[in-house]
Amino acid sequence: MLKGLTTAALSAALLAGGTLAASAQEYTIRATANSNENDEDYDGLVVFKNYVEAASNGQIGVEMFIGTQLCSNGTECLQGIADGSIDVYISTSGGAAGIFPYVQVLDLPYLMADDRVAETVLQGDFVRTMRDMALEDSNGMIRLMTIGNTGGWRNFANTKRRVQMPADMEGLKIRTVVADLPQELVKALGASPTPIPWPELFTSFQTGVVEGSKNGITDIMGMKFPDAGLQYVTLDGHAYMGALWFMNNDKFMSMPEELRRVVVDGFYQLQQATFASPKRKSIQAYEDFVAGGGDLYVPTPEEKQAFKEAAAPVYDWFKTNVDGGEEIFTALTEAVAAAEAEINEGRAKDLQ
């Protein structure tokens, strides 16, 4: 009998608590990602939702919209952030470049050597510098909350041959987004940039409209590009696939400080989830690529240096031609240098 009473009392308390939490919700965050439930963006949002709702004791609710329910592209979605119809949106640098061109600094090749460097940089003042620039350029409406990852690292892949040196890129038609920087990079390496919408890329490989791309392995395998003839991947890791998480600034600032702290910490949790997700998912993706007959090549340090030297003109192009380019390039390179020094110092201590 006592056990039954205890269970009944506990059930009543839980029901009351659920009612209390629901009635106590004061803020709703509408978050969207133009992806699917197999994507790192989704993983991050699930973690964000769970943390924010729990840590706020139900005062903040998070609604997730995966796909194109609320908006279909970067310009449209960022406009939704600005006008308040959307509260949170994740964009690639290419998707946000039309409004904030300097975010393309994340696409500059060979500046960050590995995950340790990238993750250190993206948890520091570099992101705050970019946040301040975005707030100023959006008249205080669009706030950059964090930068995570969406697919690991960009590598060159193609349908024709193994690429070991920049000379091997000569003449290849490489798919890019409709943005100047990736096109300048492809040209600097001797290939031909060919802007193609993402949904058309599979068919474009099949028909030879393009012969290569700049993608992470999870995207390559998720889109089944090897079935369209993409059989050569060079792990040059030329760019970290940054995921920029934006929030309506008025919504964020309308919350009391203790709830803003919850949201900030929620984005930290989200960032950590997106850092980890591609590492796990890429293991199976690489195995499947090789098992299907794919050629996976890791450049030597000398070969990777040759790629970096060939791509160097892109840095000057960026600083000269992109609004805010000089400022954000300096912020990133200084952050990278500091991160490398910190990591190397710690590593040296750990080796003793």
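Tutor: We will go through the ring pairs and then turn to their surroundings.

This is a predicted model, in which local features need pLDDT of at least 70 and side-chain atom pairs count only at pLDDT 80 or more, while totals for chains, interfaces and linings use all residues. Residues are numbered from 1 along each chain as its sequence is written, and side-chain values use heavy atoms, with hydrogens and water left out.

The structure holds 8 aromatic pairs, where rings of Phe, Tyr and Trp (its six-membered ring) pair if their centres lie within 6.5 Å, and planes under 30 degrees apart count as stacked, over 60 as edge-to-face and the rest as tilted. In one of them, tyrosine 110 and phenylalanine 307 have ring centres 6.4 Å apart and planes at 40°, so this pair is tilted. Tyrosine 110 sits in the loop between α4 (93–96) and α5 (115–121), whereas phenylalanine 307 belongs to helix α12 (residues 301–311), so that the pair links distant parts of the chain, 197 residues apart; helices (H or I, at least four residues) and strands (E, at least two) are DSSP runs, numbered from the N terminus. Both partners are buried, which means under 20% relative accessible area, with exposed being over 50% and partly exposed in between (1.4 Å probe, protein chains only): tyrosine 110 has a relative accessible area of 7%, and phenylalanine 307 has one of 1%.

Another pair joins phenylalanine 205 and phenylalanine 225, whose ring centres are 5.2 Å apart and whose planes stand at 75°, so the pair is edge-to-face. It too links distant parts of the chain, with phenylalanine 205 in helix α8 (residues 201–207) and phenylalanine 225 in the loop between α9 (217–222) and β8 (232–248), 20 residues apart. Phenylalanine 205 counts as buried at 5% relative accessibility, and phenylalanine 225 counts as buried at 0%.

The loop between α9 and β8 also holds alanine 228, which is buried with a relative accessible area of 8%. Leaving aside its neighbours within four places in sequence, alanine 228 is in contact with Phe202, Phe205 and Gln206, where contact means heavy atoms within 4.5 Å.

Ring pairs also link Phe100, Tyr102 and Phe246 into a cluster. Tyr102 is in turn one of the residues in contact with methionine 130, and others among them, again leaving aside neighbours within four places in sequence, are Val103, Leu144, Leu244 and Ile328. What is the size of the largest nonpolar core, and which residues have the most contacts inside it? That core has 59 residues, and Val121, Phe126 and Met130 have the most contacts inside it; a nonpolar core is a set of buried Ala, Val, Leu, Ile, Met, Phe, Trp, Tyr and Cys residues joined through side-chain atoms within 4.5 Å. Helix α14 (residues 325–350) gives the most to this core, with 8 residues. A second, separate core of 23 residues includes Val52, Val88, Ile90 and Val262. In soluble globular proteins, nonpolar side chains tend to be buried together.
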